[in-house]
Amino acid sequence: MALQVQACRAVPMAASGPLMQSSSSSLSWSKNQSMICFTGDRALRADGISRRVSLKVRSSLDTSAAAVTAVQVGQVTEVNKDTFWPIVNAAGDKIVVLDMFTQWCGPCKVIAPRYQELSKKYLDVVFLKLDCNQENKPLAKELGIKVVPTFKILKNSKIVKEVTGAKYDDLVAAIENARQSKPSS
């Protein structure tokens, strides 16, 4: 998700002149310029004069487009509560494997390099990882995590298999099984 805001800079104070001037350059201040505070659709200059203003904010909330560019084939992509579902939805009918881990988990650290190797082996699979910290707790709860590491395998945005613990062979078998299963209608 991206939010783009048009930058503005202060211009010299004048009784009838414009309050702000649109610009993509950085802010620069001098003695004849004034700070302007905005509330709603009004601007209050430092000299106390209130004027009606119009601001334009350009935004792009096309999360699927941002998600597609964030995932690279042959690599593990770190996700969070905001980026996980857009990436999964953008994957379409591709298999998605999610490694749910924590920073303090010993088995998580042991299997992480092997998980990275799998992302290089299965180029038709999207590999993600989610740090189950406080910030991502709502997503971890939604996905039903009980232990770390937990690997969730998704197809068409639905969980089709779960592997708990650092069980490499079980994870490989689950990925192979998901890749060989026929697409559901």
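A: Let's begin with a term we will need: a residue counts as buried when its relative accessible area is under 20%, as exposed when that area is over 50%, and as partly exposed in between. Keep in mind that this is a predicted model.

The count comes to four salt bridges. One of them joins the side chains of K152 and E162, with 2.3 Å from N to O. K152 belongs to strand β11 (residues 150–155) and E162 to strand β12 (residues 158–164), so this pair ties together parts that are ten residues apart in sequence. Now use our term: K152 has a relative accessibility of 4%, so K152 is buried.

Next, look at D124 and R179, whose side chains meet in a salt bridge at 3.0 Å, N to O. This pair links distant parts of the chain, 55 residues apart: D124 is in the loop between α3 (106–121) and β10 (125–131), while R179 is in helix α5 (residues 168–180). Both are partly exposed, D124 at 37% relative accessibility and R179 at 34%.

Another salt bridge brings together the side chains of K81 and D82, at 3.6 Å from N to O. Here K81 is partly exposed, with a relative accessible area of 36%, and D82 is partly exposed too, at 44%.

Technical notes: Residues numbered from 1 in each chain as written. Predicted model: local features only at pLDDT ≥ 70, side-chain atom pairs only at ≥ 80, totals over all residues. Heavy atoms only, no water. Buried < 20%, exposed > 50% of the residue type's maximum accessible area, 1.4 Å probe, protein only. Helix = DSSP H or I, 4+ residues; strand = E, 2+ residues; numbered from the N terminus.
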